[in-house]
Every structure is written in structure tokens, then in C-alpha cells.
Amino acid sequence: MAKSPLDSSPLTALDNVRVVLVNTAHPGNIGGAARALKNMGLSQLYLVAPREFPAANAIWRAAGAADLLDRVVVVDTLEEAVADCGLVVATSARERRIPWPLLTPRQCGERAVAEASTHPVALVFGREDRGLTNEELQACNFHVHIPANPDYSSLNLATAVQVLAYEVRVAALEAEKGAELSYADWDRPPAKASDMELYFDHLQQALAQIGFIDPDNPRQTMTRLRRLFSRVRPDDMELGILRGWLTAIQNYIHRTGGKGRPE
């Protein structure tokens, strides 16, 4: 369902923004999310291992947006849902031990519209009761936090989807009027999420081979490296250079008989 580069209309870019719901427990929230998307002119809904779908309650809650449910993409993992995306933003309701690059809802909408003109964008929402896991959050370029009332900050899933979908639509409407968007043009597209995951696997393997990390106890090293590359967001050519660099290191170790981590 990924789109190719789109025409000049920012509103058309909405077709390249997908909402991803992870392990949703209540099918009514899926229908509510579909309705929120259609309200704001978005059409792509991905479900990662929903507990119940298809479901009559989802159709009932979707009201006039049941056509979006007919086109829902259901996958088993978040990695599958965002594999072809150049920008992945995760919703997070709380502070993390290691902070991640953070966007406001307004910044999220602007960046999503600006980047969706050239590559797919994903907005990721977690489980109703506990959100996204640390591993899922670390697979995303940015986190976004909705600044709700701290005395009553728990948002219904469909409501959270509505807030970000609204910000995406507002950004597209502003861009239609000629407003500048904050995302700078670049000569190469950003590396896809699936390619970044392959790079992190390759990086961890190489770091273990040269003795920089203990593969059985890497502590927070890989998490912090993920955060570093999420901030930098290498393009596809830069990622190819990094992969080639790691391969050259591994080949050198092999040629010289290196044994990896010292005892």
C-alpha cells in the first residue's frame, strides 16, 4: 500500500501517511480509529496482531468509515508494518530511562506531511493498557507526546489517533496555502525502517567481533546507538557506506585471524 512520490498537493500526501495500531485489545477502538482517520482525510490503517479483528463492534464504531476497515492491512509485527517507511513516529505517554528525540503533536503533523510527499510515513500507537514496549519505541525515529491534563492524562486510543490525524490535516491545509514546512530537502531518501533494522543487527555483530560489547550483556550500548542514528537519520546511500564499513572491518578480522573479544 506504499505510495510512490506524490504530486504537488500537500493534501494528496495524506495518502502516504499510515496509522499503525499495535496489539489492540478492543475492536471498538479499531473502528473508532478508522472513523478518526476518515474525518481527517487519511485512509491507511495497519493493525499489528490485533486481539480481535474482523469484528462486528469495529464496524459499528466505524460508522461511515467501514470502507477503511475493508482495506486494513493486518500484520504480525511492527517491523512488517513500517518496513518501507522513511519516517516512523511512536506515541509515548511517559518519560523513558533513555530519552528519545521528541516531537510535539504540531511538529509531528508538519513533519509527516512534509516527508509523505517522497516516502511512506507511519504514526504508531500502542496497546490500550500499556502502550508500546521499549523495543518497539526504539524502532522509531521520533516519539510524540500529547500534553493532556496531568491530573487525568489517560487518552482513549481512538481519541489519541484523532489528535494526531487532526494535526496532520492542519499541516496539509497550511501547506496548501503556501506555509513553509520544517523538513529540509535532501539529495537522497532516508533509509527505510527495514534497512535500519538490518544495520543494527550488523552493527551489534561487528561490535561484538571487535570486542567493543559483550554480546551476552551489551547493557544500554545498542539502545544509545539506536538513539544516535534515529537523531542522525542516515539516507540510503549513507547507510550503504556504513554497512560497507562494517563488512570491511569483519573481513579484516577474518583475514588477520582476529579472535574477537579478548578473554
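**Close-up views of a predicted model**

Three aromatic pairs are present in the structure, which is a predicted model.

**View 1. The rings of Y199 and F200.** The ring centres of Y199 and F200 lie 5.8 Å apart. Their planes meet at 55°, so this pair is tilted, since edge-to-face requires over 60 degrees. Y199 has a relative accessibility of 2% and therefore counts as buried. F200 is buried too, with a relative accessible area of 5%.

**View 2. The rings of F200 and F229.** F200 also pairs with F229 in an edge-to-face arrangement. The distance is 6.3 Å centre to centre, and the angle between the planes is 65°. F200 belongs to helix α8 (residues 193–209), whereas F229 belongs to helix α9 (residues 221–232). The pair therefore ties together parts that are 29 residues apart in sequence. Both F200 and F229 are buried.

**View 3. The cluster of Y199, F200 and F229.** These three residues, Y199, F200 and F229, make up one aromatic cluster. F200 takes part in the tilted pair with Y199 and in the edge-to-face pair with F229.

View 4. N141 sits in the loop between α6 (134–138) and β7 (142–144). Its relative accessible area is 15%, so N141 is buried, the limit being under 20%. A polar atom of the N141 side chain lies 2.8 Å from the backbone nitrogen of V88. Leaving aside residues up to four places away in sequence, N141 touches G86, L87, V88, W100, P101, S230 and R233.

Terms used
Residues numbered from 1 in each chain as written. Predicted model: local features only at pLDDT ≥ 70, side-chain atom pairs only at ≥ 80, totals over all residues. Heavy atoms only, no water. Phe/Tyr/Trp six-rings, centres within 6.5 Å; stacked < 30°, edge-to-face > 60°. Buried < 20%, exposed > 50% of the residue type's maximum accessible area, 1.4 Å probe, protein only. Helix = DSSP H or I, 4+ residues; strand = E, 2+ residues; numbered from the N terminus. Polar contact = N/O pair within 3.5 Å; in protein donor to acceptor, adjacent residues only side chain to side chain. Contact = heavy atoms within 4.5 Å.
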